[in-house]
Each structure stands twice: as C-alpha cells, then as structure tokens.
Amino acid sequence: MTWWREGVLYQIYPRSFADSNGDGIGDLRGIAARLDYLEWLGVDGIWLNPIHPSPNVDWGYDVADYMGVHPDLGTLDDLDALVAEAARRGIRLLLDLVPNHTSDRNPWFRERPDFYVWSKEIPNNWRAAFGGGPAWTWDEERRAYYLHNFAPQQPDLDWWNEDVRDEFDRILRFWFDRGVAGFRIDVAHALIKDRELRDDVLDPEARGGVHRIHSMNRPETHEIFGRWRRLADRNEPSRILVGEVYVLEVAEWARYYGSGTDELNLAFNFALVHSDLDAAKMREIVAATEAALPSEAWPCWTGSNHDAMRFTTRWCGGDEALARCALLILLTLRGTPFLYYGDELALPNGRVPKERLLDVAAPPRDPGRTPMPWTPGDGGWSDPWLPLEEASRNVADQRDDPRSTLHFTRELIALRRSSEDLRLGAYVGLAAPEGVWAWRRGERTAVAVNLAAAPRRSRASRAGSCSARGASGRARSCRARSGSSRRRATSWPCSGRRRSGRAARETPRASRSCRASAARFSSASVRSRSLSGPAPGRRSAAPARSRRSTPTCCRRGPGRGRSAGRRRRSGRSRASRPSSATRSRGRLRGPSCRGALGSGARARRGSS
Ligand code: GLC
Ligand code: CA
C-alpha cells in the first residue's frame with residue numbers, strides 16, 4: 001500500500017484552522033488539538049500552507065526563513081509535536097515548500113544577491129501576477145532590476161545557480177529528518193526561467209493574452225524535480241512531492257510526473273479545478289488526464305484551495321447537495337483527493353467586508369480562507385484574523401447529525417478505504433445520458449453523478465450499490481423524460497458491498513449507508529446490464545433544464561421540500577428495504593444532482 005496513492009489528504013490553512021491560545025490566529029497547537037477530528041474523519045495526511053517566518057505580504061508565501069516556524073503559529077517544538085502526534089494516529093504531515101521566490105526580508109536577498117535574477121534594465125515583457133505591472137522592480141542598493149513573478153516583495157530565485165539548488169537540498173533534508181512526509185511545491189512549473197530572459201509570446205487567443213513559455217514552463221525545471229525525487233526516495237519511508245503545477249494543458253502538465261516514477265509523485269489538476277461542474281466537461285478532462293499520464297503516474301484531484309477558494313461556491317453556487325456530488329467525484333475518481341478544510345461541511349466562501357480584506361491578490365482570496373467553523377455562533381473563535389460572519393455549516397452541528405454532509409464525507413472516505421476498487425482500480429468512463437457522468441473503478445465498482453438540471457433515467461442492472469447523492473427538493477419535477485424512460489429499471493439484489501475482516505469492522509457506517517442507498521438509487525445507468533446495451537444518453541430526448549433547481553439531499557441529507565419530507569416519513573426502514581429498489585423506476589430523481597456509486601457491478605463495457 002502506498003499511503004499517498006490510496007489515502008485522502010486534507011489541506012489546512014493554519015491561520016484559519018484552530019486557535020489554541022485565543023489570539024484569533026490559528027496555530028500548530030490548535031491543529032494538534034483537532035487531530036481527533038481529522039482521525040475521526042478518516043484522512044491519511046495533511047498539508048499545511050506555509051508555516052515559516054514571513055512578513056505575510058502574501059500570507060506565508062513570502063518566506064523569510066525556510067527552517068523556522070512563524071511565531072504566530074508556534075515553534076519548531078510545536079511542529080515536532082504535531083508531526084509525532086499525527087503519526088501516532090496514522091496521519092502524515094506535508095509542508096508547503098516555496099522555492100520559486102522568497103521574501104525580500106529573507107537575509108539571502110541582501111547577503112546572497114546572486115541567488116536572485118537581476119538585470120540592468122527591464123529585459124522583457126514579463127508581468128507580475130500581483131499588481132499587474134512589470135515583473136521587474138528597481139533596487140536602489142544594487143542599482144539593478146530584480147525579477148518577481150508575484151509581488152515586488154517576493155523576489156524570484158535564480159534556479160540556474162547551483163548554490164540555490166544546494167540550499168534547497170538542505171532545506172528538504174532538514175524537514176525530512178524531522179519526520180515531515182513530503183512537500184506541496186508552490187509554483188512548481190515556474191522555478192526555472194529562460195536563461196536569456198526572452199519575451200513571453202503574446203497571443204490574444206491565449207489565457208491572459210500570453211503564452212508564458214519563457215517566464216515559466218521551462219523544460220529545464222524537470223531536472224530539479226528529478227533531483228528532489230531522488231532525494232525524497234532516499235528516505236525510509238520515501239517522502240513525497242506534490243506539485244502546484246498550474247498548467248492547464250493536460251499533456252504539458254503530465255510531464256511533471258516524468259516517467260511516472262522519477263519526478264513529482266502528484267500534481268494538482270487545475271484543468272479540473274477550472275472546469276465547470278459539468279458532466280461532459282469534467283469527463284473530458286478526466287479522460288484526457290488518464291490518457292496523458294504515464295502508466296505509473298497517479299492523478300490527484302481537488303476542488304478547493306486557498307487560491308481557487310471553495311468549490312461549494314465556485315462549482316455549486318452554495319448548494320449543499322451539489323457539494324455532495326462534488327465530494328463524490330473527488331473521492332471516487334482514480335487518484336488522490338485533497339480536501340480543503342471545510343469541504344467536508346460543504347462550506348461556501350466566507351463573506352469578508354472590504355475593510356477587512358488582507359490579500360495581496362486581485363480579486364482577493366480571503367473569502368476562501370476564513371476560519372473553520374467549529375461551532376454555531378462564533379464558530380469557536382474569538383476575534384479571528386479574518387472574519388467568520390456565518391457559521392451555520394459547522395462541525396459541531398454536522399457531527400451531531402448523521403444525515404449531514406460531514407457524515408456523508410466521512411462515510412465516503414470509509415467506503416473508499418474499504419474498497420480496493422475505489423483506492424486502486426482503473427478508471428473507465430461509461431456511457432451515460434446527457435448531464436450524467438458515469439465511470440467504473442476496477443472490476444466491480446461503478447459511480448454515476450447526475451449533474452444535469454433535469455432528472456435522468458436509464459436502465460438499471462443488478463448489483464448492490466452505494467449512493468451519495470443530492471436530490472431535489474422539487475420532487476414534483478423529478479420526472480424522467482428521456483427516450484428510455486419507458487423502460488423500467490431492472491431490479492437488482494440490494495446487498496450492499498460485501499466486506500470482510502478489518503475493513504468491514506472499521507467502516508460500519510459505510511456499509512449501512514451503502515445498503516440504504518442501494519435501495520433508493522434507481523437510475524443505474526452505470527450498472528452491468530445497461531452497459532452492454534446502447535448508451536442511454538444517445539436515446540435521450542430530454543432537454544436539460546437551463547436552470548438548476550435547489551436540490552436537497554436525499555440520502556440522509558438536509559432534506560427540504562416534498563421528496564425530503566417523504567423520505568423523512570418513510571425513514572430508514574424504507575431506505576434499507578431491498579424491495580424498494582425493485583420497485584424503482586430507474587430514474588436519477590433529482591433535477592440537478594445525484595451521485596451514485598454502484599459496487600458489485602460487473603461492468604463489462606465502457607467508453608472514455
Ligand atoms: C502559489 C500559492 C499562492 C501564492 C503564490 C505566490 O500560487 O498557492 O497562494 O500567492 O503561489 O507565492
Ligand atoms: Ca493562536
């Protein structure tokens with residue numbers, strides 16, 4: 001078992017996760033105090049955004065000392081304690097490595113100017129990501145311009161300099177020796193710049209109007225990751241490198257995995273992050289990703305982070321049931337999922353009034369960085385550094401409610417852990433009606449998510465299934481109208497997944513929800529028999545609605561509306577009765593959102 005392939009990782013923005021001393025700033029001891037929660041949730045590793053001393057122009061991404069801990073967050077001892085305590089619970093810890101640039105307060109900037117990139121005049125058309133001006137700022141002391149791809153206070157390092165490389169080898173070793181399991185690598189695609197500092201290529205068709213082929217995406221960058229991978233692999237157990245490879249062309253992005261075993265272990269897939277929550281678009285990105293990766297490489301999926309902010313807002317417009325669909329996708333695709341703190345609550349972006357914005361970027365990213373709501377009311381924070389104006393989706397309430405998104409996420413993680421198909425099985429796209437995305441994992445597990453604005457129906461097959469879905473509060477509109485809708489769903493024995501041994505004992509909830517959901521989920525566009533027939537989507541005559549209704553969650557979710565009421569009244573006994581599946585009509589009932597995960601299906605045919 002490789003933990004980082006099979007596990008679920010969880011990103012923590014330390015200032016906003018948990019505050020141990022009441023100063024309004026989250027800290028390392030606060031994280032340690034919440035390890036119980038993370039263990040209960042079932043995550044295998046955590047990634048901390050930068051924890052180092054920093055003037056915080058870019059909130060830690062301007063590092064003043066790579067081997068220290070920011071006093072706001074704690075001490076090196078606190079970090080050691082956190083690593084040890086997490087390890088005791090089987091949770092690994094990744095740090096954030098920021099090798100592209102430092103803070104201008106890093107002593108290197110004055111003491112080792114050769115570590116940076118200088119020019120007597122502005123040499124090219126490169127633009128800074130923050131501020132929008134040229135990527136070059138005049139330094140009076142050196143009487144030259146220095147390069148900064150981000151803010152002027154973030155001078156870029158010169159990775160052509162061997163001493164810079166040696167310095168970072170030292171930094172990597174320092175943290176590996178302290179038991180850190182690996183690094184998320186900031187701006188991984190941009191470390192090396194064109195040696196001759198040539199212009200980027202302007203192209204109105206390109207994203208941002210420019211092909212950044214000289215200021216970033218240089219082929220020479222791969223040498224650095226090869227070198228780090230060798231260094232990481234020399235440790236026992238080997239450490240991992242997770243790249244923030246902000247390259248949207250999937251084939252180009254995949255190159256950061258090298259041969260599959262000799263560069264990055266994982267690279268965030270920003271093509272998916274930037275996609276709409278749309279079955280056809282996402283399916284295409286995943287298919288392209290699967291096709292582009294070398295056979296030994298392993299995908300990595302995320303929906304939210306401290307830059308892109310929260311998927312519950314971006315993909316789902318705040319809708320909790322849609323957020324469950326997104327969680328289902330992230331946790332059941334082939335690859336390692338990274339959840340961002342609060343994703344498990346379907347947390348939307350926070351509201352940050354103008355006068356409290358602190359971010360250097362435009363538009364500001366603060367709404368995706370607001371404090372974790374642990375409780376209703378003040379969220380468990382006193383006067384936090386960023387405001388927490390709304391805590392209606394919070395840990396305490398959701399932990400008490402077995403139908404909550406938090407429990408849903410936990411059950412999905414447990415299900416994933418108990419299923420070799422979900423952890424390791426191959427991904428094969430399956431034919432599905434328009435708006436539905438369906439895929440198979442391994443030999444026996446299938447997943448379907450209806451992201452359409454209308455219900456979908458397809459043929460069912462026999463198989464136990466597990467569903468994780470949102471359904472519509474407007475059940476009245478849940479009528480399938482596809483060409484295939486006359487067909488009744490084939491019934492299937494509702495057995496849930498058979499599990500045995502340790503996994504079964506560890507995940508009682510998963511098996512329960514599995515059975516309950518199997519009885520309810522009736523669409524089964526992904527199950528075995530329908531797979532061998534013509535693609536239901538091709539027969540579909542149903543125009544998708546242009547507007548999503550507001551779905552509520554039907555599987556023990558925060559039900560609203562008529563269907564939810566019916567579900568509540570009928571209770572679990574109905575849900576877990578196999579016969580209800582037999583009676584069902586093969587419909588993806590929610591107008592917008594339904595994810596279902598069928599297992600035990602011997603899916604024989606698919607398409608990507
Ligand atoms: C990365 C970080 C982002 C930061 C930028 C510059 O993209 O994720 O937060 O602002 O690098 O360091
Ligand atoms: Ca604190």
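Predicted model: local features only at pLDDT ≥ 70, side-chain atom pairs only at ≥ 80, totals over all residues.
**Entry 1: the ligand site**

I began with ligand 1 and asked which residues come nearest to it. There are 14 residues around ligand 1, and the nearest are Asp58, Asp186, Glu244, His306 and Asp307. I then sorted this shell by class and noted seven charged, three polar and four nonpolar residues.

Next I looked up polar side-chain atoms that face oxygen atoms of the ligand. For Asp307, such an atom lies 2.4 Å from an oxygen atom of ligand 1. For Asp58, the distance from a polar side-chain atom to a ligand oxygen is 2.6 Å. His101 also has a polar side-chain atom by a ligand oxygen, at 2.8 Å. I also checked how covered the ligand is: taken alone, ligand 1 exposes 300 Å², and the protein buries 95% of that. The space that ligand 1 takes is the largest pocket.

**Entry 2: the parallel sheet**

How many strands form the open sheet, and in what order? I wrote down eight, with parallel pairing, in the order β11-β10-β7-β3-β2-β1-β13-β12. The edges are β11 (266-267) and β12 (300-302); each has a single partner strand, so one side of each is left without a neighbour in the sheet.

Strand β10 covers residues 240-243 and pairs with β11 in the parallel sense, over two bridges. Here Gly243 of the model stands opposite Ala267, which belongs to β11.

**Entry 3: the antiparallel strands**

Strand β5 (residues 136-139) runs antiparallel to β6, and four bridges join them. Which residues of β6 are the bridge partners of Trp138 and Thr137? Trp138 has Tyr145 as its partner, while Thr137 has Tyr146.

Strand β6 (residues 144-147) also pairs with β4 (residues 118-119), again in the antiparallel sense, over two bridges. On this side Ser119 stands opposite Tyr145 in β6. So that I can find the spot again: Tyr145 is opposite Ser119 and is also the bridge partner of Trp138.

The hairpin of β5 and β6 has four residues between the strands, and in this hairpin Arg143 takes a positive phi near 50°.

- Trp59 is not a glycine, yet its phi is positive, about 45°. I placed Trp59 in the loop between β2 (45-48) and α5 (76-88).
- Glu236 and Pro237 are joined by a cis peptide bond with omega about -5°. Pro237 sits in the loop between α8 (221-233) and β10.
- Ala362 and Pro363 are joined by a cis peptide bond too, with omega about -5°. I found Pro363 in the loop between β13 (336-340) and α14 (395-400).

**Entry 4: where to look again**

Conventions:
Residues numbered from 1 in each chain as written. Chains lettered and ligands numbered in written order. Heavy atoms only, no water. Near = heavy atom within 4 Å. Polar contact = N/O pair within 3.5 Å; in protein donor to acceptor, adjacent residues only side chain to side chain. Areas by Shrake-Rupley, 256 points an atom, 1.4 Å probe, with all protein chains shown as cover. 1 Å grid on protein atoms, 1.4 Å probe; cavity = no way out; pocket = protein on both sides within 12 Å on 5 of 7 lines; lining within 4 Å. Sits in = over half its atoms within 2 Å of the grid points. Nonpolar A, V, L, I, M, F, W, Y, C, P; charged D, E, K, R; others polar. Pairing = 2+ DSSP bridges.
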